[in-house]
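Morning, everyone. Please look at the screen, and I will walk you through a few places in the model.

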Amino acid sequence: MKPLILILFILTFVEVKAYRQPKPDVFVAVSGVVIDENALPLPGVSVKVKGAAAGTMTDKDGRFVLETDANNTLIFSFIGYNTQEVALNGRTSINVRMVQSAAALSEVVVIGYGTARRSDLTGSIASVKGADIKSQGVSDVTRSLQGKMPGVTIESAGGDPGSGTRILIRGVGTLGNAAPLYIVDGVQVANINNLNQTDIESIDVLKDASAAAIYGSRAANGVVLITTKSGREGPPVVQLSANYGQQSKASSVDVLNAREWAQVSNQANDNAGFPRLDIAANPDQLGEGTDWQDAIFRNGAIQQYNLLISGGTEDTRYSVSGGYNDQEGIVDVTNYRRYNLRVKTETTKGRLKFGQTVLLSREKFVTMPGGWGGQGGNPVGSAMLMIPAFSIYDPEAIGGYGGAFGSVVNIANPVAQLYLEDINRVNTGIIVNGFGELNILPGLSYRLNLGYTNATNDNYDYYRRHRVGALFSHATNDINLNGDRNILVLVENTLNYKKDIGKHSIQALAGYTYQNNTYRYTQAGRTDLPDGIDQIDAGAGISSNAGNSTESNIISFLGRVIYAYDERYLLTASFRRDGSSRFGSNNRYGNFPSVALGWNISKENFFEPLSNVFNNLKLRASYGVLGNQEIGDYQYSAAVASNINYVVGTEQQRWFGAIQTAYASPDIKWETTKTFNFGFDAGFFDQKLNVTADYFIKKTTDVLLNVPIPGSAGAISNPVVNAGTLRNNGFELGANYNNKIGNFNYGVTATLSAVKNKVLALGTGSQQIFGGQPSHHGASSTLTEAGGSIGSFYLIEAIGIFNSQEEVNSYAKNGQLIQPNASPGDVKFLDSNDDGQINDNDKVNLGSPFPDFEYGIGLNGSMYGFDVSLFFQGSQGNKIYNGLSQVLQSTNLGINYAEKMLNAWTPENHSDIPRAISSDPNSNNRTSSRFLENGSYFRMKTLQLGYTLKEETSKKIKVSALRAYISADNLFTITKYTGFNPDLGRTGTILDRGVDFGHVAYPLARTISLGFQLTL
């Protein structure tokens, strides 16, 4: 495998207006404006004449004026940005856009409870600029990060509007909740899907234990730090951006039309000796029938509008923004809307600095119903399986929709599902952070940080009365309302000390934190409502209600020291002690230390001969311990259910009772992850090429999992115990190259990640965890056990088709047929254990849902105001179990079938598709390797073309900057996978990874959009 050398992009815009070339040695006034990547004026930029002493600096508005020869070259430089040389060539007015340098990107990096110079870092941290995020036309922040950070896996959580993503950092280190810790401006949040892209200044991902250990018990799965934008000193700057686009289905699943379905159905019944279905009696009369996919899919509009106002004085800075997103789903009815508001201020008064961040969001989802108790799943799944001979509408039926009838499987009419049940969800998010920082002595400061989050979810489900075909009926209008609220309160007290003494630099942190989480759930519902009324009080039927609440606390003591000597020798050490109410008194506290060393070899004298090639080279090594407490509350105690009542006697007297429903686990303790990390950072050729590489070993012990106990023990759930050990090891590479040829600036970026996991111990040693049910009927497809990887595909292996009775007869053991029910045209399965029969004991490990490696490649360029960016992303070596394909080839079910069933085996057509037979005596469609596919893919994630107005044009229309662009997202995907999307969107546990469950399908959308970014 050749390592992919890939390259990040640093996009440099240089505007030049042509003037007649003045005579040599004639000085003229050259003027212009210098802006940053966000089109904000950049004050304090050095502007010098190349080869001369003349120079100036930009003012607070980013403007400059300099007397010089109009044939000279100007040099623009600013700390943390690429130095640019601009040849005037007779021009007297220029506009320069400065771009942060790759080496100096996040020169000061957010590391948790503070910042550090990147040159002093010893841990593994991946960073992305906010400018790189907002340039893409997608509504979800995390989707734009896919493939851009080595070691960070981002998977789609589905194609539904607002569905978000699932993030895994350096593999899977737990069998429970594997999500990382998200911190937004110092406050923990559940996810970042609802953040506004234009509000983000930077995203820093702490990957190794040295970087993340300061967060202790919550950091075993990595930490994602989000910093939102702050104001700058100067007059108000107004930024407005807008984006409008159209989404369409990026891929399709080919199924049969009505005539074709009837032919295959008849063939299956004939082969089984069953009577043909009445509706399939005359295939040619059915014609094309109903295209159920066409009936539910549509093109959907997506639009985004964002306004940001920022500025400030020497003492106070502010940044205020608002955003609106509206995304129509590519499935009819579905929709997502989001409203964002953010206010961030910071004030310095003498020794005191204080500020706050307030982020408000409201999300409104219109989603699809489930399967109505049928076997088709949601409307997308039903559209694949619904027989095309049935009609969409039936004016005589209650509700007005047609449906299935006869001896067929109960698949619901997907259009009826969408319009007879209204499912809405409203999520309201409040994130508040306030801080005060007091400079006690030079270099010593105290900081009080107060955080508050309130996440409220309100769910509405109105189910109309109907009769849909002969298989689905509901006599009443019903309503169900439920909601939950999660409140987090955070108090952090920290002391920070920074001091440089000669060649010694030290930064120390000590702190105490308290965190409280409260959760409350309520539900109410009623049946038999009048038509058109959705109020609970209007119902005349059965009422239902439920509710519960939980509370948990964490208290922590923490400390960290960052030391550097002569910028050559680096040391970082941290320690955190956490106490969690989720564990009993015996194991309530956990200790999480870390240490890291760094060596800037390029600072050594002996490295001088290589300085013409290496600009910098730093070696890093670290070790640390992290924790995980992501289990339910009160697991260490016995659960008792009340209101367990019993009626006795002739008078029907009710006795009130309670019963223990779960065993206590008083000795459960922290899940512990120990990580070793070795890496280097290198810069070459005047920082044009920068490379970062890491190798890590991550071992998790005392894995928290539910160990099965027999039902006779009297518990309704399996107790949580520490009974597992996992190991992840892998390699990460990130590279970027930036250069220019004449007026053409270009950049290339690349990331590569390869992670392997192994289960070293599980339960009692022989425990097996099954997962990944692929279909309504299919057996589990994944197995997790000691010695293998997490969620490996354990399947019976299909090794061909029997083409004759002789082949069936010759497949025998000791004179007995291995597959006695097989006939020509049936699947031949491998008797892997050589016992002469085919059963679950023949399952073998046939691959992993985790890829051998993942990668991202970015290409960027700009010249004369035009810019182009391309980003590609993919994975290699993973398997996907196609559950939808399994169902669509099951001719023993009365459903629609895959188009490939037209090529099913017959005596005249020896194909690799088994014969169509309704009885399926050989179990051809059992869960097996037939439906295990190559999940590798290569996707063009983004293509964007933009143009920025010249300065003189901008002045005429009285704006600071204006850029317009056209963008295409998910333009194409190259893959052998035959399902909707190889970047699977199935929710659930990590054990379901790589299993495409058709019941919950929602295809990924392709988006073409137009947008502009305006700065006043």
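How many bridges pair strand β23 with strand β24, and in which sense do they run? The answer is 20 bridges, in the antiparallel sense. Strand β23 covers residues 421-441, and strand β24 covers residues 444-463.

Some ground rules before I go on. This is a predicted model, where local features need pLDDT of at least 70, side-chain atom pairs count only at pLDDT 80 or more, and totals for chains, interfaces and linings use all residues. Residues are numbered from 1 along each chain as its sequence is written, and side-chain values use heavy atoms, with hydrogens and water left out.

Now the terms for strands. Helices (H or I, at least four residues) and strands (E, at least two) are DSSP runs, numbered from the N terminus. Two strands pair if DSSP finds at least two bridges between them. Such pairing goes through backbone hydrogen bonds, either parallel or antiparallel.

Back to β23 and β24. They form a hairpin with two residues between them. Glycine 443 sits in that turn, with a positive phi of about 90 degrees. Phenylalanine 435 stands opposite asparagine 449 in β24. Then β24 has another partner: 20 bridges join β24 to strand β27, residues 477-501, and these run antiparallel. There, threonine 453 has leucine 488 in β27 as its bridge partner.

Next, β14. Buried means under 20% relative accessible area, exposed means over 50%, and partly exposed is in between (1.4 Å probe, protein chains only). In a regular strand the side chains alternate between the two faces of the sheet.

Tyrosine 182 stands opposite valine 224 in β17. Three bridges join β14 to strand β15, residues 187-189, running antiparallel. Valine 184 stands opposite valine 187 in β15. β14 and β15 also make a hairpin, with two residues between them. Aspartate 185 in the turn has a positive phi of about 50 degrees.

Arginine 170 is buried, with a relative accessible area of 1%.

What does the side chain of arginine 170 meet? It meets glutamate 732 in a salt bridge, 2.7 Å from N to O. Glutamate 732 lies in strand β41 (residues 724-741), so the pair ties together parts that are 562 residues apart in sequence. Both residues are buried. A salt bridge here is a side-chain nitrogen of Lys or Arg within 4 Å of a carboxyl oxygen of Asp or Glu. By this rule the count comes to 28 salt bridges.

Here is another one. Aspartate 681 and arginine 620 meet in a salt bridge at 3.0 Å, N to O. Aspartate 681 lies in strand β37 (residues 671-684) and arginine 620 in strand β32 (residues 614-628), so parts 61 residues apart in sequence are tied together. Aspartate 681 is buried at 17% relative accessible area, and arginine 620 is buried at 5%.

Compare aspartate 852 and lysine 756. Their side chains meet in a salt bridge at 2.9 Å, N to O. This pair links distant parts of the chain, 96 residues apart: aspartate 852 is in the loop between β50 (844-845) and β51 (853-863), and lysine 756 is in strand β42 (residues 744-762). Aspartate 852 is partly exposed at 35% relative accessibility. Lysine 756 is partly exposed as well, at 46%. Salt bridges that share partners also join Lys618, Arg620, Asp681 and Asp694 into one network.

Last stop, a contact across the chain. Glycine 216 lies in the loop between α2 (209-212) and β17. Glycine 216 is buried, with a relative accessible area of 0%. How far apart are the C-alpha atoms of glycine 216 and glycine 590? They are separated by 8.4 Å, though the residues are 374 apart along the chain.
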